[in-house]
Amino acid sequence: MEDTGHGMVARGDRVLTAIAIDREAREEVLAMMIEDEDLEMVIRGFMADAESTDIIEIRIDSWTVGTIGPEAREIERTLRRDACPVCTRTSFWIEDDEVRAGCHDRLCKAWIEPNSVDEDRIDCGWPSAQRTRACSSFGEAKRVLTQMRAEAEANAVETTDIVDVSEF
Ligand SMILES: [Zn+2]
């Protein structure tokens with residue numbers, strides 16, 4: 001049989017699963033994929049609509065085919081849903097131990113990301129206000145985002161009803 005590169009899964013291959021977990025720690029499988037990008041697409045779609053669900057966490061597991069015992073599974077990363085420092089909706093997903101985070105509300109999209117060059121730096125931004133800031137910690141980044149929202153609201157009051165803050 002010719003190898004097309006899309007052949008069967010073989011011993012030693014890796015597959016990925018995404019599991020959604022609710023407040024009662026009940027688990028629900030979202031997907032099993034071979035490619036990271038495919039799984040990422042499913043997760044992104046799910047995160048965007050999770051606000052109306054009980055799901056507060058997503059766990060991504062990496063499975064090695066043909067392994068006996070607990071080593072067959074390795075936890076790749078977790079995503080935890082929280083209140084957004086900007087829009088206050090519970091559409092803010094935090095990766096692992098506050099590595100990065102992003103709001104999946106389509107009108108907000110506030111984010112926190114480690115800087116790719118300076119490892120002591122963590123950046124945050126709020127696309128709706130076209131603002132980004134460099135911070136020294138995740139906690140600081142969250143506070144800065146909350147401040148951005150407060151400043152936008154203050155400006156909106158000054159310029160009267162040109163900007164409707166409820167749209168952010
Ligand atoms: Zn938000």
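Which strands does helix α2 lie across? Select residues 138-158 to find out. Helix α2 lies across β7, β8 and β9. Its direction is at about 20 degrees to that of β8. Keep in mind that this is a predicted model.

**The whole chain**

Zoom out and show the protein as a cartoon. It has two helices and nine strands. Trace the elements from the N terminus: they run β-β-α-β-β-β-β-β-β-β-α. Now colour by burial. Of the 168 residues, 21% count as buried. Turn to the contacts between residues at least 6 apart in sequence. Of these, 34% join residues at least 24 apart.

**The sheet**

Select the strands. They form an open sheet of nine, in the order β2-β1-β3-β4-β5-β6-β7-β8-β9, with antiparallel pairing. Go to the edges next. Residues 27-33 are β2 and residues 131-135 are β9, and each of these edge strands pairs on one side only. Look along the sheet to see its twist, which averages 20 degrees from one strand to the next.

Select residues 100-103 and 111-114. These are strands β6 and β7, which run antiparallel and are joined by two bridges. Click A101, then find its bridge partner in β7, I112.

Step on to β8, residues 122-126. Four bridges join β7 to β8, and the two run antiparallel. Pick P114: its bridge partner in β8 is I122.

Stay on I122 and look toward β9. There the bridge partner of I122 is C135. Five bridges join β8 to β9, again an antiparallel pair. Follow the chain around the hairpin of β8 and β9, with four residues between the strands. Stop at Q130, which takes a positive phi near 50 degrees.

**A stop at D123**

Is β8 mostly covered or mostly open? It is mostly covered, as four of its five residues are buried. Select D123, which is in this strand. D123 is partly exposed, because it has 18 other C-beta atoms within 10 Å, and a residue needs 20 or more to count as buried.

Which residues is D123 in contact with, leaving aside its neighbours within four places in sequence? They are E113, N115, T132, A134 and C135. Now draw a distance from D123 to S136. These two are 13 residues apart along the chain, and their C-alpha atoms are separated by 8.2 Å.

**The nonpolar core**

In soluble globular proteins, nonpolar side chains tend to be buried together. Here the largest nonpolar core has 27 residues. Select C84, V86, C103, A110 and L145, the members with the most contacts inside the core.

Next, see which elements contribute. At least two residues each come from β1 (14-22), α1 (36-48), β3 (55-64), β5 (92-95), β6, β8 and α2. Helix α2 gives the most, with four residues.

Colour 11-82 as domain 1 and 87-162 as domain 2. Why does the core lie between the two domains? Both domains give residues to the core, so it lies between them.

Finish on C84. Leaving aside its neighbours within four places in sequence, C84 is in contact with R89, S91, F92, C103, D105, C108 and A110.

Definitions and conventions:
Residues are numbered from 1 along each chain as its sequence is written. This is a predicted model: local features need pLDDT of at least 70, side-chain atom pairs count only at pLDDT 80 or more; totals for chains, interfaces and linings use all residues. A residue is buried if 20 or more other C-beta atoms lie within 10 Å of its own, exposed if 12 or fewer, and partly exposed in between; C-beta atoms are placed from the backbone. Two residues are in contact if their C-beta atoms, placed from the backbone, lie within 7 Å. Two strands pair if DSSP finds at least two bridges between them. Axes are lines fitted to C-alpha atoms, for helices over the stretch in contact, and angles run from 0 to 180 degrees between N-to-C directions. A nonpolar core is a set of buried Ala, Val, Leu, Ile, Met, Phe, Trp, Tyr and Cys residues joined through C-beta atoms within 7 Å. Domain bounds come from an automatic or database domain assignment.
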